[in-house]
Amino acid sequence: MNVIWRNCICRLRQGKAPHRCQSGVHPVAPLGSRILTDPAKVFEHNMWDHMRWSEEEEDAARKQVEENSATRVAPEEQVKFERDANKYWDTFYQTHKNKFFKNRNWLLREFPEILPVDQNSKEKVEESSDQVGSNFSSMQRTEMDCQKSRVSSAPWSEERSNFPNQDLEEHSKGPGKTERFPGSKATFRILEVGCGAGNCVFPILNTLRNIPGSFLYCCDFASEAVELVKSHASYSEAHCCAFLHDVCDDGLAYPFPDGILDVVLLVFVLSSIHPDRMQAVVDRLSRLLKPGGMLLFRDLGRYDNAQLRFKKGRCLSENFYVRGDGTRAYFFTKGEIHRMFCKAGLYEKQNLVDHRLQVNRKKQVAMHRVWVQGKFQKPLPWTQRS
Ligand SMILES: C[S@@+](CC[C@H](N)C(=O)[O-])C[C@H]1O[C@@H](n2cnc3c(N)ncnc32)[C@H](O)[C@@H]1O
């Protein structure tokens, strides 16, 4: 039994019930309502929402992280993990196919912004009538936490290196707003970055395909992932465009112009990117949004059990680790997210830390899970300061 859990049980035994955590001045998201009030009932469910850590638990976590990050991966090894990042993910999808992550069926409940405004209220009515009496607690499902031979060009275009120099600049801009491009006729457009095997794509597509005028783009730098999405029975070019794309490569064109997206979705992706490159990625994604468009974010949080479980020798830099399969994971605070997204010119609409207790009832163990969730909006021209 790990220290954190021992402390947690201890706290529960003392009858100190965990309580809902507020996140600054912003409204709390509908992140589930299963609150553990009776310690004796901890093994009755797989997940408890809104757990608050004691100081003791926080100290133990800090200590654990200090210990597991004391020895860093050698710099020459680190270069390899950065250079070949897409290859490690490719191998991941060759091995696990679409079996590793579960479908993120909670997406539309947590992020109703994924739907056009008029559809949003309609969906809510349908959803609430579906759930009457179902004792539903959103997001309580487990989220498994689960170069430079990197992508050199996107599949819809010719190799960039085939372009004469004067054309390269033109080409790297991608299509203009008046040109035809996939989804050019749509009135509501979403991009999912780092779509993997489509665990967000297909729950979204299942809803969007019934909403005229909506279109979903999704990209990943692992070709294996893009192929998994494109070969899925529910994939349809009428509603979706999946493409190979490395978001760290600033020079790569998107198959659509800047400033046309209503939503950019970043779910468990930024954490796998080197911290030094994150700001440029967010800056670029911000440019793809139209004024008023939303960037929706969910990812690993500081002191999540996955961070505490890393063994010594897996740490790349502060709060950044490499897994045994070569894929990497950063663990965010909400302050870091706030600074990065605001620096990219976006306004914070929501930014919260989602603390849960995840229970393995069979093994009778429980782990603290920590995720950060945020919603950031591109300002409308009249709200921008001159
Ligand atoms: C943990 S998976 C999440 C997949 C999906 N968003 C989901 O929620 O199931 C992270 C994904 O990000 C992709 N990724 C990581 N770095 C990327 C980059 N620089 N450009 C594009 N995709 C990237 C990986 O290939 C992987 O598919």
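Analyst: Lys80 counts as partly exposed, with a relative accessibility of 27%; here buried means under 20% relative accessible area, exposed means over 50%, and partly exposed lies in between (1.4 Å probe, protein chains only). Please keep in mind that this is a predicted model, where local features need pLDDT of at least 70 and side-chain atom pairs count only at pLDDT 80 or more, while totals for chains, interfaces and linings use all residues. Residues are numbered from 1 along each chain as its sequence is written, and side-chain values use heavy atoms, leaving out hydrogens and water.

The partner to look at next is Glu77, whose side chain meets that of Lys80 in a salt bridge at 3.4 Å, N to O. The term stands for a side-chain nitrogen of Lys or Arg within 4 Å of a carboxyl oxygen of Asp or Glu. Side chains of opposite charge can pair when their charged atoms come close. Glu77 and Lys80 are 3 residues apart in helix H3 (residues 75-83), so about one helical turn separates them. Helices are DSSP runs of H or I with at least four residues, strands are runs of E with at least two, and numbering starts from the N terminus. Glu77, at 35% relative accessibility, is partly exposed.

Axes are lines fitted to C-alpha atoms, for helices over the stretch in contact, and angles between N-to-C directions run from 0 to 180 degrees. Those under 35 degrees count as roughly parallel, over 145 as roughly antiparallel, 65 to 115 as roughly perpendicular, and the rest as oblique. On the H3 side the contact involves Lys80, Phe81, Glu82 and Arg83, and they meet Ala85, Asn86 and Tyr88 of H4; contact means heavy atoms within 4.5 Å. These residues divide into 3 nonpolar, 1 polar and 3 charged, where Ala, Val, Leu, Ile, Met, Phe, Trp, Tyr, Cys and Pro count as nonpolar, Asp, Glu, Lys and Arg as charged, and the others, Gly among them, as polar.

Glu82, one of the H3 residues in that contact, is worth a stop of its own. Glu82 forms a salt bridge with Arg328, and the closest N and O atoms are 2.8 Å apart. Glu82 counts as buried at 15% relative accessibility, and Arg328 is buried as well, at 4%. Salt bridges that share partners also bring in Arg277, so that Glu82, Arg277 and Arg328 form one network.

For another pair within a helix, turn to Arg62 and Asp59. Their salt bridge has its closest N and O atoms 2.9 Å apart. Arg62 and Asp59 lie 3 residues apart in helix H2 (residues 55-68), about one helical turn from each other. Arg62 is partly exposed at 36%, and Asp59 is partly exposed at 43%. Over the model, the count comes to 15 salt bridges.

Now follow H4 (residues 85-96) onward to helix H9 (residues 223-230): their axes come within 7 Å and cross at roughly 40°. That angle makes H4 oblique to H9. Asp90, Tyr93 and Gln94 of H4 make the contact with Ser223, Glu224, Ala225 and Leu228 of H9. The residues of this contact divide into 3 nonpolar, 2 polar and 2 charged.
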